[in-house]
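Me: I would like to go through this model by question and answer. Please keep to what can be computed from the atoms.

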Amino acid sequence: MKKDKIIIAIYVDNQYGVLSRVTAMFTRRGFNIDSLTVGETESPAYSRITITLSAAKTDKDQVVSQLRKLYNVKKVVVLSNEECIKRELMLIKVRNSDETRERILETANIFRGKIIDLGEEAISIEVTGDSSKIDGFIQNVKSFGIIEMCRTGIVALDRGSTTIWSDHEED
Amino acid sequence: MKMTGAQIVIETLLEQGVDTVFGFPGATVIDIYDKLFDCGGKIRHILAAHEQGAAHAADGYARATGKPGVVIATSGPGATNLVTGIATAFLDSVPMIAITGNVSNSKIGRDAFQEIDITGVTLPITKHNFFIRDIKVLADTIREAFKIATSGRPGPVLIDIPNDIQRGTCEYASKRKIIPAKPPKAEDDAIAKACEMISECKRPYIYFGGGAVRAGAGKEILKLAEKIDAYIGCSMMGLSEIPTSTPRFLGMQGMHGHFASSVALAKSDLMIAVGVRFSDRATGKTDRYALNSKKIHIDADCAEIGKNVSVDLGVCCDIKDFIARLTDAVEAGKHPEWEEKIKSLRARESDAYDDDTFVPREVILDVASKVAADTRIATDVGQHQMWTAQFYDFRQKHTWLSSGGLGTMGFGLGAAIGACFATGKRSVLITGDGSFGMSLNELATAVTYKVPVTIVIFNNRTLGMVRQWQTLFYDKRYSGTTIERQTDFVKLAEAFGAKGFKADDIDEFRKVFDQAYAYNGPAVIDMKIDTDAMVLPMLRPGGTFENLVTWKEAENEEG
């Protein structure tokens, strides 16, 4: 069955143990999470979890309805890929040498990366963008040698004045 | 009024209408038990032999009445012993409140004596659970637990209360009893769509399950069936919601369902599924399940729509309201060809039992003919359970107490005891020698409280259901299923202080059952059953209803 990449935004009670309740549902029902982020929201009572996964239509519906059954889950919305803004942040440490330094800095510049730390043997760069941009950056610096890297996973909001509380079309 | 946490627990239970709790005390619930001692018998505490038995009793109490069952256990092993009981209630959507003690908050996370993360352990088997960190939220949390357990699709809720919370003090003000929230009513569009589908069908079949029992929708289903000329079948969880003798009722369908019911489901061109979740034991292979029919699925739980079987119209709503409105709106129908087809299926089914030589059936029929209509019938899990489901004549709601989803051997005795406390009347447990061995310690509880439970052990000296699979699909290689114990169930019953009887054939059974049933306390009947008796018909593993294992085929395999 055809699988699509989907982004799910979840508003939950900002309480002890809620994240494990949400992730336990995915584990128990055999759905694989690609990325997960969680953080504070405009209201201290709630946290917002953003989960991306690849899922067929029936699985998507099942994930959403199972999430809605969780007591601490207040709102679940599948964000449309076209109608949302999404960003991911990466910190990446690339091997540095006199011969490669210029090319690394140039690559970082093209991708609007920021140099966070510069040492004789390593350069640490911050890159922000959608996931494909970050994937692209990784491809371009691979040959220099990636020492370590760390990605946050996607955070996403609806475009315009639409919010998670607005009516979303269910397809 | 200022109260201790333990007092608040008792007061809140009283406020929520609790009159009976099942449990077993221990170090971290001594304070709750101390206040239970003070409540002047307004809450009856039933001491079980084992926390699992207490949990099954709370479950049986709930199934027998529809009211939530309450169980109390101490931390650590007390709490983990509840797990099978909670999971059993979860899989069958039974409203239950489990209260556990835990070590004081200051010791949490330090692996203190009898400390266990029971909210972590029960996370996937409760509708929701709570750990109390602050005494100020204790009363409202218990109230919320009752609301969650009884609203929408019911289920078990666990509340873990550390000892310092029980000993602390806080203001308490009584509140009203929680009214369970109903699922939303269906939109008119959904009713109209269902009417349209019904008007186009020629072979309608209403298939209901546990959701219809929880909603109490039996009468509404019957009315709808009359109006649209549909036949009715149910899942194992649906049994007893409508009387077995209902002319349109074909009985349980599924893996060991009635032949006519299962085949009619496969032949129908419209299935109206009410409060079912299309379990694999009911459907067989889902990609070949009921391919001839369009499907309407109505359930209180939105996540059930399309989970296992894709449907043409799925409505997540108050099912009793939906069926009643649909019955008003739909045009009456008549389907004489369908009636003929059903007649012939029924004739083939009754041919299979044209004499009275099948002992398990005769035993069940005898029990059914002698007990009162409102007698709760509990079972364990295995062949005896399926035979009871197939042959017992259910006459009243909430009389069938059996572990469907989890299939818990050892469920029955606790459940039967719980049912006796709920109804104040007799109950009957049909069990097997394998299942009974798992929970017979609760005989002690039945004796202590003089519980009028009549226990019929189908003793075939084997784990019969597994043996049946081994006979049919594993070349008669009886690995691990032959029971070579020397247990004397009559002496065992007597040692516990119960009555014990033995019957080697059906005539003896008829006599001893009368004596056992007349006894006002627990009585055990050790009934001898043929080791090779089988539950038929049977859906092959991964098979379809067009290809059932029937009596003829099984005869060749027997012996």
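Predicted model: local features only at pLDDT ≥ 70, side-chain atom pairs only at ≥ 80, totals over all residues.

Me: What share of the contacts in chain A with a separation of 6 or more comes from residues 24 or more positions apart?
Reply: The C-alpha atoms of chain A fill a box of roughly 55 × 40 × 35 Å along the principal axes. Of its 171 residues, 25% count as buried. Among contacts with a separation of 6 or more, the share from residues 24 or more positions apart is 75%.

Me: How far apart do the C-alpha centres of domain 1 and domain 2 of chain A lie?
Reply: The domain assignment places domain 1 of chain A at 4-79 and domain 2 of chain A at 85-155. Their contact takes six residues from domain 1 and five residues from domain 2. The C-alpha centres of the two domains lie apart by 29 Å.

Me: Which element gives the largest share of the side of domain 1 of chain A that touches domain 2 of chain A?
Reply: Two strands of chain A, β2 (35-40) and β3 (46-55), each supply at least two residues of that side. By class, the side of domain 1 of chain A divides into two nonpolar, four polar and no charged residues. The largest share, three residues, comes from β2(A).

Me: Which element gives the most to the side of domain 1 of chain B that touches domain 3 of chain B?
Reply: Chain B is assigned domain 1 (2-169), domain 2 (188-351) and domain 3 (359-535). The contact between domain 1 and domain 3 of chain B takes 24 residues from domain 1 and 25 residues from domain 3. On the domain 1 side, β2 (20-24), β3 (44-47), α3 (51-65) and α5 (83-91) of chain B each supply at least two residues. The element that gives the most, with ten residues, is α3(B).

Me: How many charged residues has the side of domain 1 of chain B that touches domain 3 of chain B?
Reply: The C-alpha centres of domain 1 and domain 3 of chain B lie 29 Å apart. By class, the side of domain 1 that touches domain 3 has eleven nonpolar and ten polar residues. Its charged residues number three.

Me: Which element gives the largest share of the side of chain A that touches chain B?
Reply: The contact between the chains takes eleven residues from chain A and eight residues from chain B. The chain A side divides into two nonpolar, four polar and five charged residues. Two helices of chain A, α1 (18-29) and α2 (57-69), each supply at least two residues of this side. The largest share, seven residues, comes from α2(A).

Definitions and conventions: Residues numbered from 1 in each chain as written. Chains lettered and ligands numbered in written order. Domains from an automatic or database assignment. Contact = placed C-beta atoms within 7 Å. Helix = DSSP H or I, 4+ residues; strand = E, 2+ residues; numbered from the N terminus. Nonpolar A, V, L, I, M, F, W, Y, C, P; charged D, E, K, R; others polar. Buried ≥ 20, exposed ≤ 12 C-beta atoms within 10 Å, placed from the backbone.
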